[in-house]
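Me: Hey, can you walk me through this structure? I'd like the sheet and the pockets.

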Amino acid sequence: MALPIRFIATDMDGTLLNDVNELPHDFLDVFNDLDAKDILFAAASGRQYFTLLKMFESIKDKILFIAENGTLVMYQGKELYSAMLPKSESDLIIETVRNIENSHIVLCGKKSAYIETKDKQAQQEIIKYCHNIMFVDDLLDVDDEVIKISVLNFKGTEEDVYPLVAPLFAATHQVVVSGKIWLDFMDKQASKGQAIKAMRDKFGFTFENSMSFGDFFNDVEMLNETYFSYAMGNAHPEIKKLARFIAPSNNEQGVITVIKQQVLHCHAL
């Protein structure tokens, strides 16, 4: 590689985690090797900050958290960046999505996630990604700073939700299919890539010495903001076209494999 890597960001689901939501067995060893070389590592996920915090409890003061698809960046317990949705806009999105069949809404605030669905299967799926969660009677009555609205639809959001909401909101908001059954609404400028851009000066890394890994459409901007951009072997075909490089799949520990071969090996030379 032309430049030593100074920053690595990875998506979680379908990327760093395998299909049963496990971290690679030697993740902590690799993380500690990166940390010893002053390489900043970021967990860049659609997951809630509190969920990521619990997942990385033992290294929580060394890792950068790019949570909620880039709408909230936390480091050592402090907020470094956020992008919020005004209440008038979040209310309109909620009222619109309520009319889409089989869709369940998660209102993502800084303090908690909020749901009103009574569907047990949906609740179980949502709890996987939201550690702090509140059940409410009406999402329109929630009092919190809203950073994202997620939609869960088991039939598939790319086919069953995006075509209905994109004509209404894509011009004014970030509307992104973030997984096969998930779609997110965010501030127009919000993304994992925008969050990374905001962190460059603070942590002293550049586009050229940055690396990222992703698998789905919520990773597009992140891949575009890092020169060493990797799509996973299991990534959506469009993401593979976009990235400069391809990593082995999430079930083959692709992220860790590339870091060992292309970063730690190079730094050791």
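What follows is a chat about a predicted model.

Me: OK, start with the sheet. In what order do the eight strands come?
Reply: The order is β5-β4-β3-β2-β1-β12-β13-β14, in an open sheet with mixed pairing.

Me: Which strands stand at the edges?
Reply: β5 (78–82) and β14 (245–247) do. Each has a single partner strand, so one side of each has no neighbour in the sheet.

Me: And how much are neighbouring strands turned against each other?
Reply: By 20° on average, ignoring direction.

Me: Let's look at β13. In which sense does β13 pair with β12, parallel or antiparallel?
Reply: Parallel, over four bridges, with β12 covering residues 210–214 and β13 covering 228–232. Within that pair, F213 is opposite Y230, and G214 is opposite A231.

Me: What about β13 with β14?
Reply: That pairing is parallel too, over three bridges. Y230 turns up again here, with F245 as its bridge partner in β14.

Me: Is β13 largely enclosed or left open?
Reply: Largely enclosed, because five of its five residues are buried. F228, Y230 and M232 cover one side, S229 and A231 are on the other, and all of them are buried.

Me: Which helix lies across β5?
Reply: α8 (residues 192–203) does, at about 125° to β5. Helix α8 also lies across β1 (7–10), β2 (40–44), β3 (64–67) and β4 (72–75).

Me: Switching to pockets. How much space is in the largest one?
Reply: About 750 Å³. The lining has 34 residues, and D13, Y129, S178, G179 and W182 lie nearest the centre.

Me: Which element gives the largest share of that lining?
Reply: α5, with four residues. Elements giving two or more residues include α1 (12–16), β6 (104–109), β9 (146–152), β10 (173–179) and β11 (182–187).

Me: How do the residues lining the largest pocket divide by type?
Reply: There are nine nonpolar, 14 polar and eleven charged.

Me: How much space is in the second largest pocket?
Reply: About 170 Å³. Its lining divides into seven nonpolar residues, one polar and four charged.

Me: Which residues line the second largest pocket?
Reply: Among them are R6, F31, D35, D38, K62, Y75 and F205. Both α2 (27–36) and β2 supply at least two residues each to that lining.

Definitions and conventions:
Residues numbered from 1 in each chain as written. Predicted model: local features only at pLDDT ≥ 70, side-chain atom pairs only at ≥ 80, totals over all residues. Heavy atoms only, no water. Pairing = 2+ DSSP bridges. Axes fitted to C-alpha atoms, helices over the stretch in contact; angles between N-to-C directions. Contact = heavy atoms within 4.5 Å. 1 Å grid on protein atoms, 1.4 Å probe; cavity = no way out; pocket = protein on both sides within 12 Å on 5 of 7 lines; lining within 4 Å. Points joined across faces, edges and corners; volume = space filled by probe spheres on them. Nonpolar A, V, L, I, M, F, W, Y, C, P; charged D, E, K, R; others polar. Buried < 20%, exposed > 50% of the residue type's maximum accessible area, 1.4 Å probe, protein only.
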